[in-house]
Amino acid sequence: MSELIGKLDSMDIATFGEFWELVTQVWREGVFGINISDTLIALSIFLLFLLLRNVLSRFLLRALERAASRTRSNLDDRIINALYDPIRFIPVVMGVFFALSVLEVDEGKREVFYNLNRTLIAFTLFWAFYRITTPVGSLLLKAEGVLTRPMVDWIVKAAKIAFVVLGVATILELWGIAVGPIIAGLGLFGVALALGAQDLFKNLIAGLFVIGERRFQPGDWIHVDGVVEGTVQQIGFRTTTVRRFDRAPVYVPNARLADSAVTNFSRMSHRRIRWMLGVEYRTTLEQLKQIRDGIERYILENEEFAKPDDVPTFVRIDSFNDSSIDILVYCFTTTTVWGDWLEIKERLAYAIKEIVESAGTGFAFPSRSLYLESLPDAPEVFPLSPPPTGTAQSGQNP
């Protein structure tokens with residue numbers, strides 16, 4: 001019995017020692033060979049930076065906003081607003097850097113941590129470049145004689161794509177992945193893709209021509225015969241969005257717009273009114289002159305109509321139609337706004353009706369007159385019933 005108790009005591013002591021040694025070994029090696037105490041310290045540092053994230057980012061943003069408020073331009077204010085999210089991500093990058101710096105690891109893991117920190121920094125930088133592209137691109141709008149808004153939009157989009165591609169390439173290079181061989185390997189695939197995407201590149205090039213020729217801009221009212229009529233919403237890389245007057249969007253391939261005749265109504269200097277008025281044939285010569293002079297006087301003395309020095313203006317007796325004497329009214333309004341143009345036409349119609357009625361005549365309508373040179377002889381009257389029975393008729397026997 002005493003021997004059994006002695007063996008149990010010695011076994012308990014040995015087992016506890018092995019267990020404690022196992023605990024200390026796990027504590028030292030932890031996860032992926034990293035000491036658990038160091039891991040807890042690193043997590044604490046990272047959580048501390050997350051807690052201070054709002055304070056640090058708010059302090060930095062306020063400092064930048066105070067500096068921007070001292071300038072007259074609002075460009076720096078827009079840049080700071082665009083950098084809001086990347087600046088708020090800086091404490092996260094700092095938290096990862098300081099958390100990983102307290103970990104004692106071998107050279108291989110140290111290289112991984114180093115690349116991870118560089119990746120986060122590169123990601124933040126290219127994210128910031130991507131965000132500030134839009135406000136910085138607005139500076140190009142000042143060169144209105146060279147660049148239009150659609151051209152600036154295309155440049156901004158191309159710059160954003162370039163920053164994304166450069167950012168991905170930089171991060172791959174940081175991890176030792178060569179980008180050059182990847183691009184070379186995609187060369188044959190790119191050729192095959194280009195052959196299958198000829199329409200895509202055709203529309204892309206057509207979009208460049210449309211923008212370069214400045215055929216239209218977003219907001220213009222255009223008409224493409226057999227294709228679409230409406231207001232341009234956006235000129236994209238492949239298609240142009242045109243919203244019809246029933247508010248339905250139409251996505252037109254750029255090649256259709258480049259190869260077709262486009263009428264841009266938004267660039268009109270004046271709006272035209274062309275009417276053919278028909279008056280009755282009973283209208284006398286004096287009445288025709290009074291009507292013509294009255295309409296012409298109304299147009300020339302009204303500031304809503306363009307003057308003959310700028311545009312053609314005619315009020316003339318034009319032709320003798322089947323049912324009317326036609327008067328041509330041809331003039332232009334000074335406004336190009338459709339609603340205002342309709343109101344001017346309405347007032348002109350009122351004035352013309354008043355002029356015609358005051359002249360003592362009226363407007364003609366389709367009619368036909370039938371003239372008979374002579375009336376035919378009176379028709380022969382036939383009896384409605386046969387003669388009575390037994391009555392003698394000439395040339396017949398009783």
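1. T124 counts as buried because its relative accessibility is 10%, where buried stands for under 20% relative accessible area, exposed for over 50% and partly exposed for what lies in between, using a 1.4 Å probe and protein chains only. T124 is found in helix α6, and once its neighbours within four places in sequence are set aside, T124 is in contact with P86, F89, I90 and V93, contact being taken as heavy atoms within 4.5 Å.

2. The model is a predicted one, in which local features need pLDDT of at least 70 and side-chain atom pairs count only at pLDDT 80 or more, while totals for chains, interfaces and linings use all residues. Residues are numbered from 1 along each chain as its sequence is written, and side-chain values use heavy atoms, with hydrogens and water left out.

3. On the overall picture, the chain has twelve helices and eight strands, these being DSSP runs numbered from the N terminus, with H or I over at least four residues for helices and E over at least two for strands. Of the 398 residues of the chain, 29% count as buried, and among contacts between residues at least 6 apart in sequence, 65% join residues at least 24 apart.

4. The largest nonpolar core has 20 residues, and those with the most contacts inside it are I291, I295, I299, F305, I327 and L348; a core here is a set of buried Ala, Val, Leu, Ile, Met, Phe, Trp, Tyr and Cys residues joined through side-chain atoms within 4.5 Å. At least two residues of this core come from each of β6 (271-279), α11 (285-301), β8 (325-333) and α12 (338-358), and α12 gives the largest share, six residues. Not counting residues up to four places away in sequence, I295 touches L277, V315, V329, I352 and I355. A second, separate core of 16 residues includes V210, V224, V232 and I235. As background, nonpolar side chains tend to be buried together in soluble globular proteins.

5. Helix α3 (residues 53-69) and helix α5 (residues 84-101) have axes that come within 9 Å and cross at roughly 135°, the axes being lines fitted to C-alpha atoms, for helices over the stretch in contact, with angles from 0 to 180 degrees between N-to-C directions. That angle makes α3 oblique to α5, since angles under 35 degrees count as roughly parallel, over 145 as roughly antiparallel, 65 to 115 as roughly perpendicular and the rest as oblique. The contact involves residues including L56, L60, L61 and L64 of α3 and I87, F89, I90 and V92 of α5. By class the contact of α3 with α5 has ten nonpolar, two polar and two charged residues, with Ala, Val, Leu, Ile, Met, Phe, Trp, Tyr, Cys and Pro counted as nonpolar, Asp, Glu, Lys and Arg as charged, and the others, Gly among them, as polar.

6. The axes of helix α4 (residues 75-82) and helix α6 (residues 107-137) come within 8 Å and cross at roughly 160°, which means that α4 is roughly antiparallel to α6. This crossing of α4 and α6 is right-handed. In α4, L75, R78, I79, N81 and A82 meet R131, I132, T134, P135 and V136 in α6, and the residues of this contact divide into six nonpolar, two polar and two charged.

Definitions and conventions:
Left-handed = near helix turned anticlockwise from the far one by under 90°.
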